[in-house]
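Subject: Structure for your files

Hello,

Below is the structure I said I would pass on. My notes on it follow.

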Amino acid sequence: TTMIQVADLIAYILSWGVRLKGMVEPKRDELSELADQVMKLRFTQKTHGGHSKYGYKVIKDLRSLDEK
């Protein structure tokens with residue numbers, strides 16, 4: 001469906017156009033404008049302790065622990 005394709009595009013842009021803490025591979029600069037727009041979609045939450053929580057998480061490996 002259309003929304004699945006939109007989710008796939010967002011995932012692609014996040015994977016290749018955004019670099020968060022701990023992501024070491026180079027990003028694709030041609031995706032910068034789209035990446036800026038996608039980053040506006042993440043949520044930000046302040047905890048009671050004053051820390052910020054964000055809506056994206058870096059997952060380095062999709063294999064289960066017993067597959068490694």
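**Helix packing**

The buried residues of α2 pack against α1. Helices here are DSSP runs of H or I with at least four residues, strands are runs of E with at least two, and both are numbered from the N terminus. This is a predicted model, in which local features need pLDDT of at least 70 and side-chain atom pairs count only at pLDDT 80 or more, while totals for chains, interfaces and linings use all residues. Residues are numbered from 1 along each chain as its sequence is written, and side-chain values use heavy atoms, with hydrogens and water left out.

The buried residues in question are Ala35, Val38 and Met39 (buried is under 20% relative accessible area, exposed over 50%, partly exposed in between, with a 1.4 Å probe and protein chains only). They cover an arc of only 100° around the axis, which puts them on the same side of α2; the arc is that of the directions from the helix axis to the C-beta atoms. Glu33 and Asp36 are exposed, on the face of α2 turned away from its buried side.

In α1, the buried residues are Ile13, Leu14 and Gly17. Their arc around the axis is only 105°, which places them on the same side of α1. Ile4 and Gln5, on the other side of α1, are exposed. The buried residues of α1 pack against α2, residues 32-39.

Which residues meet between α1 and α2? From α1 these are Ile10, Ile13, Leu14 and Gly17, and from α2 they are Leu34, Ala35, Val38 and Met39 (contact means heavy atoms within 4.5 Å).

The axes of α1 and α2 come within 9 Å and cross at roughly 115° (axes are lines fitted to C-alpha atoms, for helices over the stretch in contact, and angles run from 0 to 180 degrees between N-to-C directions). That makes α1 roughly perpendicular to α2, a term for angles of 65 to 115 degrees. The crossing of the two helices, α1 and α2, is left-handed, meaning that the near helix is turned anticlockwise from the far one by less than a right angle.

**Length of α1**

Helix α1 has 16 residues (2-17), which should span 22 Å at 1.5 Å a residue; its end C-alpha atoms are 22 Å apart, which agrees. The expected span is 1.5 Å times one less than the number of residues.

**Lys68**

Lys68 lies in the segment after β2 (52-54). Lys68 counts as exposed because its relative accessibility is 56%. Leaving aside neighbours within four places in sequence, Lys68 is in contact with Asp61 and Arg63.

Regards

Methods: Parallel < 35°, antiparallel > 145°, perpendicular 65-115°, else oblique.
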